[in-house]
Amino acid sequence: MDLSTRYLGFDLPHPLMPGASPMTGDLDMVRRIEDAGAAAICLPSLFEEKLSKEHLSILEHEESVANSVAEASTFFPSLTSYKLGPESYLERIRKIRAAVSVPVIASLNGATRPGWPEHAKLIQEAGASAIELNVFLVARLDDTAAKVEDRVVKIATDVRNAVTIPVAVKLTPCFSALGDLVRRIEEAGVNGVVLFNRVYQPDIDIENLEMVRRGPLSSAAELLLRVRWVSILSGRSKCSFAVSGGVQDVTDVIKSVMAGAHAVQTVSALMRHGPEYLKTMKDDLTRWLEEHEYDSLKQMQGSMDLSRSPNPSALLRASYVSLVEG
Ligand SMILES: Cc1cc2nc3c(=O)[nH]c(=O)nc-3n(C[C@H](O)[C@H](O)[C@H](O)COP(=O)(O)O)c2cc1C
């Protein structure tokens with residue numbers, strides 16, 4: 001079965017790849033993920049504020065998750081490799097690039113502008129095949145939507161102009177005019193959009209009056225928001241689209257591709273079941289397409305995208321009204 005797809009200008013044998021996480025910061029793990037057949041490798045992020053107190057506390061939380069998710073204990077790499085400073089991060093790119101033959105997508109994660117283009121250049125020089133920008137902005141209460149969106153576009157533009165390799169932007173769903181933002185990112189020359197960054201939401205322990213963090217692994221419930229937005233945006237944009245968030249099995253992969261995704265990233269499923277699960281999903285995808293008499297993945301790709309509708313906003317509004325009325 002021809003599962004080929006094109007993402008960020010790369011002709012890939014299929015759309016499945018591990019998303020950014022500590023799993024891909026570890027060389028042995030990366031080899032196992034490549035052996036499982038990953039089409040590309042997304043590296044963990046180099047964080048802008050890598051040594052800030054806030055960031056270290058997030059990492060400590062992730063370390064405790066690694067220890068608490070029983071199935072993950074055997075393949076969740078030590079997070080020391082995750083807490084890399086810029087130099088070690090570049091060295092890691094060189095090593096991983098030399099070890100695997102698939103595209104290696106490095107990740108820059110930050111909220112403010114200075115330093116991004118310079119780090120992007122260094123990442124390119126270290127051999128990364130592409131860069132994913134995780135623009136995780138936490139808006140101040142007096143920020144306007146326009147100001148926040150301008151900041152994202154500026155960061156994307158600066159990085160795009162600094163390097164020649166493909167650039168993708170990984171967004172959160174928390175924008176009031178996502179369509180316009182993606183259009184502006186596309187105009188800046190960005191090659192791809194990753195939907196979405198997960199917004200980790202602390203819970204409240206009502207007995208102890210404490211904020212508590214829930215584990216970072218996702219469930220399939222998170223997928224539908226991604227599927228909805230990919231189906232709205234993909235057919236109308238020159239960017240390629242990756243779904244990230246909630247992909248647990250082959251059904252989720254199929255939904256993402258039908259909505260118009262060119263790549264499907266998964267982290268939680270690989271952390272739960274191990275890197276070899278990527279091969280299971282790929283085999284299941286082949287089987288499903290054969291059973292449903294598709295000739296190729298491309299034949300299915302975008303078959304449910306909303307650009308086929310003359311007025312997607314009206315369609316979504318009508319669906320919403322009929323749902324709440326019905
Ligand atoms: C432990 C852990 C670490 C992560 N680290 C990063 C990171 O460094 N950079 C990034 O862009 N996303 C990071 N993510 C987010 C994932 O790339 C992905 O977007 C998210 O987990 C949703 O995908 P999933 O539902 O397949 O897990 C991380 C997720 C987890 C669970």
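## Ground rules

Residue numbers start from 1 along each chain as its sequence is written. Because the model is predicted, local features need pLDDT of at least 70 and side-chain atom pairs count only at pLDDT 80 or more, while totals for chains, interfaces and linings use all residues.

## The sheet

Let's start with the strands. Eight of them form an open, parallel sheet in the order E3-E12-E11-E8-E7-E6-E5-E4. Strands and helices here are DSSP runs numbered from the N terminus (strands: E, at least two residues; helices: H or I, at least four), and two strands pair if DSSP finds at least two bridges between them. The edges are strand E3 (16-18) and strand E4 (41-47), each of which pairs on one side only. On average, neighbouring strands of this sheet are turned by 25° against each other, direction ignored; axes are lines fitted to C-alpha atoms, for helices over the stretch in contact, and angles run from 0 to 180 degrees between N-to-C directions.

For a closer look, take strand E6 (residues 130-135) and strand E7 (residues 167-171): they run parallel and are joined by four bridges. Here Glu132 stands opposite Ala168 in E7. Helix H5 (residues 145-162) packs on the sheet and touches E6 and E7, with its direction at about 160° to that of E6. Helix H7 (residues 223-233) also packs on the sheet, touching strand E8 (192-195) and strand E11 (240-244), and its direction makes about 175° with that of E11.

## Helix against helix

H5 also meets helix H6 (residues 178-187), at an angle of about 25° and with the axes 9 Å apart. The two helices are therefore roughly parallel to each other (the term covers angles under 35 degrees; over 145 is roughly antiparallel, 65 to 115 roughly perpendicular and the rest oblique). H5 passes H6 in a right-handed crossing, meaning that the near helix is turned clockwise from the far one by less than a right angle. Glu149, Val152, Val153 and Ala156 of H5 make the contact with Leu181, Arg184 and Ile185 of H6; residues are in contact if their C-beta atoms, placed from the backbone, lie within 7 Å. By class, this contact has five nonpolar, no polar and two charged residues. Ala, Val, Leu, Ile, Met, Phe, Trp, Tyr, Cys and Pro count as nonpolar, Asp, Glu, Lys and Arg as charged, and the others, Gly among them, as polar.

Helix H8 (residues 250-259) and helix H10 (residues 277-291) pack at about 65°, their axes 9 Å apart, and their crossing is right-handed. Val250, Val253 and Ile254 of H8 meet Met281, Asp284, Leu285 and Trp288 of H10, giving six nonpolar, no polar and one charged residues.

## Around the ligand

The ligand is surrounded by 24 residues, and the closest are Gly19, Ala20, Ser218, Val267 and Ser268 (a residue is near if its C-beta atom, placed from the backbone, lies within 6 Å). E4, strand E5 (104-110) and helix H9 (268-273) are the elements that give two or more residues to this shell. Its residues divide into eight nonpolar, 13 polar and three charged.

## Two backbone details

Most residues other than glycine have a negative phi, and most peptide bonds are trans. The bond from Leu195 to Phe196 is cis, with omega near -5°; Phe196 is found in the loop between E8 and strand E9 (203-205). Leu209, in the loop between E9 and strand E10 (210-212), has a positive phi of about 50° although it is not a glycine.

Note on methods: Contact = placed C-beta atoms within 7 Å.
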